[in-house]
Every structure is written in structure tokens, then in C-alpha cells.
Amino acid sequence: MNGKTVRNPDHWVDLDRDRVTLDGKPLRAASKAYVLLYKPKGYLTTYRDPGDRPTVYDLIAGAGIWLFPVGRLDLDTSGLLLMTNDTAFAERISNPDREVPKTYQIKAATLLTDDRIERLRQGVELSDGPTRPALVRRLRDGARHTHLEMTITEGRNRQVRRMLEAVDSRVLKLVRTAIGPLRIGDLPIGKWRKLAADEVAALAGGPLSASGRNRGAVR
Ligand code: URA
């Protein structure tokens with residue numbers, strides 16, 4: 001690397017700056033790839049499961065390049081999952097200071113009163129602190145279940161499920177339908193597609209929220 005032999009496998013390499021050769025041939029950084037996967041329920045957002053359950057990598061095997069998931073969806077959640085090899089992009093999407101909105105459709109285990117929906121909007125108390133205000137829309141009521149659309153700007157572990165539990169209900173079905181301006185559209189479940197350059201730019205751009213600016217992060 002840069003004319004010297006490096007034997008330490010953990011040596012940090014920046015392929016934008018360092019000149020790296022292997023057996024005399026120059027190495028180049030892999031080109032950046034961005035994939036939108038419509039994850040079905042029953043697939044883990046991990047590389048390998050000791051119990052041999054299916055993972056999202058089974059679904060993107062045809063992508064032909066190493067990608068990692070941007071955040072995660074629970075085993076029983078379906079919907080939009082971004083996968084990429086661009087760590088800076090993933091950081092920008094996941095950084096809570098940027099408040100990238102994530103939209104979910106939810107089938108609740110109960111009917112929800114207006115009062116409970118209002119509590120979800122205002123923010124509920126969870127074991128790791130109060131949630132930020134959310135956009136919550138009643139889609140319809142069945143005989144025993146309320147269907148909601150909820151947009152949150154955080155990505156805490158099992159957040160939507162815990163929010164519904166905080167208003168004495170439970171999630172029966174959870175689908176992520178959008179991340180920022182990106183929607184699943186007519187992509188069939190279990191399938192993936194590459195993002196267009198303008199979709200990547202729209203997701204990666206955008207100003208920091210006021211709280212992010214205060215902390216002086218990213219951009
Ligand atoms: N919130 C959850 O509870 N689960 C998910 O998979 C995503 C958001």
C-alpha cells in the first residue's frame with residue numbers, strides 16, 4: 001500500500017486516497033450500489049442465522065455485490081428495506097438527528113379510540129425514553145381492529161410495536177411503506193430493484209433537523 005507491504009489484515013484503507021496493489025495489480029473501490037428490497041415477513045435482517053432461517057441475503061443473491069442493510073426490520077415486519085455498500089449513505093439515513101421519516105401501515109390488535117391515537121401523535125413513554133411526535137392517520141376500522149398509518153422520525157428497536165403496546169394495544173401486522181420520499185410502489189413482495197441516481201440523491205440530501213444542527217452532525 002502506497003509502496004509498502006502491509007501484513008496487518010485490520011489495516012485501515014481509504015481507496016479514495018491510498019494506492020493499493022495486490023500481486024502488482026491496482027485495487028479499485030467497489031462501485032456504490034443502492035438496492036430497495038420489499039422484505040416479506042419471515043426473513044431476518046441479518047447475514048446468517050444459526051437456526052438456518054431465511055435472511056434478506058437469500059432474496060438479494062442475484063445482486064452480485066456485497067450489500068448491508070440500512071437499519072433493520074423485525075422478522076415479522078414486511079416492507080421497504082434499503083441495502084447498500086455505501087457506509088456514509090447508510091449513516092445519513094440512520095442518523096436520528098436527520099429525522100428521516102419512515103412510514104408504516106399497522107393493523108392493531110384492538111380498536112383504537114381517538115384519544116389513544118392522539119397519544120401516539122404526541123409521543124408515548126417507552127423504556128428508553130419518550131418518542132418524538134408522530135404523524136398518525138386512522139386508515140379504517142374493522143369490527144375488531146384499527147388500521148393506521150404512522151410516520152416516525154426515529155428508528156429505535158421495535159419502536160412501532162412498543163408504541164402500540166404503550167397505548168394498551170399490540171401490532172398484528174406491520175408493513176414499512178416509505179422511507180423519506182421513497183415508496184415501495186409496485187415492486188412485488190420479495191423482489192428488489194436498484195435505486196436511480198435521483199432517488200439516492202433525494203434520500204441522502206436534505207437539511208438537518210433543528211436538533212441535528214444543534215449537535216453539529218453530518219453534512
Ligand atoms: N418498528 C417495529 O416495531 N418493527 C420494525 O420492524 C420496524 C419498526
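Reply: Arg156 is found in the loop between E10 and H4, where helices (H or I) are DSSP runs of at least four residues and strands (E) are DSSP runs of at least two, numbered from the N terminus. The model is a predicted one, in which local features need pLDDT of at least 70 and side-chain atom pairs count only at pLDDT 80 or more, while totals for chains, interfaces and linings use all residues. Residues are numbered from 1 along each chain as its sequence is written, and side-chain values use heavy atoms, with hydrogens and water left out.

Me: Why is Arg156 called buried?

Reply: The relative accessible area of Arg156 is 19%, and buried means under 20%, exposed over 50% and partly exposed in between, with a 1.4 Å probe and protein chains only, so the word applies. Contacts, which are heavy atoms within 4.5 Å, link Arg156 to Leu126, Asp128, Gly129, Pro130, Thr131 and Arg162, once neighbours within four places in sequence are set aside.

Me: What makes the pairing of the Arg156 and Glu154 side chains a polar contact?

Reply: The distance is 3.0 Å, and a polar contact is a pair of N or O atoms within 3.5 Å; within protein, one atom must be able to donate a hydrogen and the other to accept it, and residues adjacent in sequence count only if both atoms are side-chain atoms.

Me: What makes helix H4 mostly covered?

Reply: Six of the eight residues of H4 (residues 159–166) are buried, namely Gln159, Val160, Arg161, Arg162, Met163 and Leu164. The elements covering those buried residues include strand E5 (77–84), strand E6 (102–108), helix H3 (114–122), strand E7 (125–126), E10 and strand E11 (171–179).

Me: Which residues surround the ligand?

Reply: Leu73, Asp74, Thr77, Tyr104, Arg158, Gln159, Val160, Arg161 and Leu174 surround the ligand, a residue being counted as near a molecule or strand if one of its heavy atoms lies within 4 Å of it. Among them, Asp74 has a polar side-chain atom 2.7 Å from a nitrogen atom of the ligand, Thr77 has one 2.8 Å from an oxygen atom of the ligand, and Gln159 places a backbone N or O atom 3.4 Å from an oxygen atom of the ligand. The protein covers 95% of the 240 Å² of accessible area that the ligand has on its own, such areas coming from the Shrake-Rupley method with a 1.4 Å probe, with only the protein chains shown counting as cover for residues.

Me: Why does Ile179 count as buried?

Reply: Ile179, in strand E11, has 3% relative accessibility, which is under the cut-off for buried, so the word applies. Not counting residues up to four places away in sequence, Ile179 touches Leu80, Leu82, Ile93, Val100, Pro101, Lys102 and Leu203.

Me: How do you know that Arg144 is exposed?

Reply: Arg144 sits in the loop between strand E9 (135–141) and strand E10 (146–152), and its relative accessible area of 61% is over the cut-off for exposed, so that is the class it receives. Beyond its neighbours within four places in sequence, Arg144 is in contact with Ala109, Thr110 and Leu111.

Me: What makes Asp23 worth a remark on its phi?

Reply: Most residues other than glycine have a negative phi. Asp23 has a positive phi of about 50° although it is not a glycine; Asp23 lies in the loop between E1 and strand E2 (25–26) and is exposed because its relative accessibility is 74%. Asn2, in the segment before E1, likewise has a positive phi, of about 45°, but it is classed as partly exposed because its relative accessible area is 41%.

Me: Which residues make the nonpolar surface patch?

Reply: Val13, Leu15, Leu22 and Leu27 make it, over about 320 Å². Patch residues must have over 30% relative accessible area and no salt bridge, with like charges joined within 9 Å and nonpolar side chains (Val, Leu, Ile, Met, Phe, Trp, Tyr) within 5 Å, a salt bridge being a side-chain nitrogen of Lys or Arg within 4 Å of a carboxyl oxygen of Asp or Glu.
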